[in-house]
Amino acid sequence: MATFPAQLKYSREHEWVDGSSPAAIGITALAADALGDVVYLELPEVGAVIEAGAVVGEIESTKSVSELYSPVSGTVVEVNQAAIDDPAVVNSDPYGAGWLLKVDVVSTGELLDADEYARHAE
Amino acid sequence: MSNIKSTPLEAEHRAAGATLTEFGGWNMPLRYTSDLAEHRAVREAAGLFDLSHMGEIHLEGTGAAAALDHALVGSASGIAVGRARYSMLCAADGTVLDDLIVYRLADHHFLVVANAGNTAVVLRELAERVRNHAALVTDRTATTALVAIQGPRAEQITAALVTEPDTLRALRYYAAAPLMLTTGVGVLVARTGYTGEDGFEVFVPAEHARTLWHSALAAGEPHGLVRAGLAARDSLRLEAGMPLYGHELDATTTPFDAGLGRVVRFDKTDERGAPIDFVGRAALAARRDAAPERVLVGLRAQGRRSARAGYDVVTDGGARVGTVTSAAPSPTLGCPIALAYVLPDVAAEGTALAVDVRGRAEPFTVVPLPFYRRATA
């Protein structure tokens, strides 16, 4: 069974969110591996109001494309321009430099802890 | 699911951490580490591919050449011993059942290499079509492994694996020779490939595949050779503008639709000089003489969002004028590229079109094929 950082929470759609304020959001290593090399990110604008469970962007790899679902509701306060410029960082460091959005969280969707997510991902 | 086949190298792929995927009825490595790194290694150094899923069908007998002249659209009798040709097996209505490489190993011995997913169809059709010819059809897919070494360093690497490196270096493109590995195993080495680079394909008895795989890795390491999976193979062939059965070619497509009418040899004749009535001839002749309904073109994106197979090609006004058959972000060109069938009146180079990428029209331009051509020395 794969392991996932214990300090993060996870959506069933393979996004992670940290507990800070504003909260950082990204995709899990499992999702990044399944996609293959990420080559293009389409992310919401700063100021966008997003809803938990809604599609807020696209993650495109050499072989496929996947939608980015927001694990939280709130307002986007920052997008990772460095990741947009060089999306390979989503594969190489999905929980660190490969973060995608920072959001002022109003509420969250249903989130899993690391163990629950690992079981879900199996 | 239970009858998915394994190549003799599957354990090596698993040990190397490959992501495996089902392709053409076989469990194949999709990628080992990174599609992009594997793609770039083939363009810049070399890649090692397991292609053991490909079908190897042998035709032997004094009637083998005549049998293939009847069965395929190309001319088998016109292939010199030791050379290979790209050809197609068509149905009576002219549509493509498979695209193939035909190697002439001896006067009366041909090797037909078929796509994995079509091997059963090719075998069945060849067996049927060679009746009344002195030729024996044998499927040796299960006992033959196929390992490809592709890239600018492929010659140096492959030459180190055989006892007669000069013979290997002297091989021309689309030529093949029986050679011996330094391990004492007899193989067929062909200067063929599906990547747009120089390279070799080595047909080896299945029981010796692992040894060859590890020798190639060891010989290639100083040259930057890496294992490469089907994801890289697909993006490499797309850049090289090469068709993939199931995408650009299928049982609704004729060779002319795909811009490959040159493989159909209406001029081939039998020993007495009479035209050969090969399967599909009448339908293909009619298709050759008719105005095309659609044309296969290359498209290059202006933006960064990639098209995908099956997406609609549209005009400025939103009218649907075609369908994407293959597409990917091109690692070498640095922008998305696509192959698409479009109406003839929008097929000219430079035509501005768009692809409906999940509801948004992304601008693409018709460009000449191939997208990528290697610099030749």
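Begin by selecting both sides of the interface: 17 residues of chain A are in contact with 16 residues of chain B, contact meaning heavy atoms within 4.5 Å. Within chain A, highlight A:D37, A:T62 and A:K63, which supply 38% of the area that chain A buries against chain B, more than any other three residues. The area buried between the two chains is about 1400 Å², where buried area is the accessible area (1.4 Å probe) that two parts lose on being put together, summed over both. Carbon and sulfur atoms give 41% of this area.

The model is predicted: local features need pLDDT of at least 70, side-chain atom pairs count only at pLDDT 80 or more, and totals for chains, interfaces and linings use all residues. Residues are numbered from 1 along each chain as its sequence is written, chains are lettered from A and ligands numbered from 1 in the order in which they are written, and side-chain values use heavy atoms, with hydrogens and water left out.

**Polar contacts and the chain A side**

Next, display the polar contacts across the interface of chain A and chain B, where 15 residue pairs are found, both residues being at pLDDT 80 or more. A polar contact is a pair of N or O atoms within 3.5 Å; within protein, one must be able to donate a hydrogen and the other to accept it, and residues adjacent in sequence count only if both atoms are side-chain atoms. Now colour helix 1 (29–35), strand 4 (38–42) and strand 6 (55–61) of chain A, the elements that give two or more residues to the side touching chain B. Helices (H or I, at least four residues) and strands (E, at least two) are DSSP runs, numbered from the N terminus.

**Salt bridges between the chains**

Between chain A and chain B there are 7 salt bridges, each a side-chain nitrogen of Lys or Arg within 4 Å of a carboxyl oxygen of Asp or Glu. Select A:E42 and B:R360, whose closest N and O atoms are 2.9 Å apart. This pair crosses from strand 4 of chain A to strand 20 (residues 360–367) of chain B. A:E42 is buried, at 19% relative accessible area, whereas B:R360 is partly exposed, at 38%; buried means under 20%, exposed over 50% and partly exposed in between (1.4 Å probe, protein chains only).

Move to A:E60, which forms a salt bridge with B:R308 (3.0 Å, N to O). B:R308 lies in the loop between strand 15 (295–301) and strand 16 (312–314) of chain B and A:E60 in strand 6 of chain A, so the pair joins two chains. Both ends are buried: B:R308 has 9% relative accessibility and A:E60 has 0%. A:E60 also forms a salt bridge with B:R358, with the closest N and O atoms 3.6 Å apart.

**Helix 4 of chain A**

Finally, centre on helix 4 (residues 114–121) of chain A, where A:A114, A:Y117 and A:A118 are buried. Viewed down the helix axis, the buried residues fall within an arc of 100°, so they line one face of helix 4 of chain A; the arc is that of the directions from the helix axis to the C-beta atoms. These buried residues pack against strand 1 (9–10) and helix 1 of chain A. Turn to the face directed away from the buried side to find the exposed residues A:D115 and A:R119. At the N-terminal end of helix 4, select A:D113, the cap: a side-chain oxygen lies 3.1 Å from the backbone nitrogen of A:D115.
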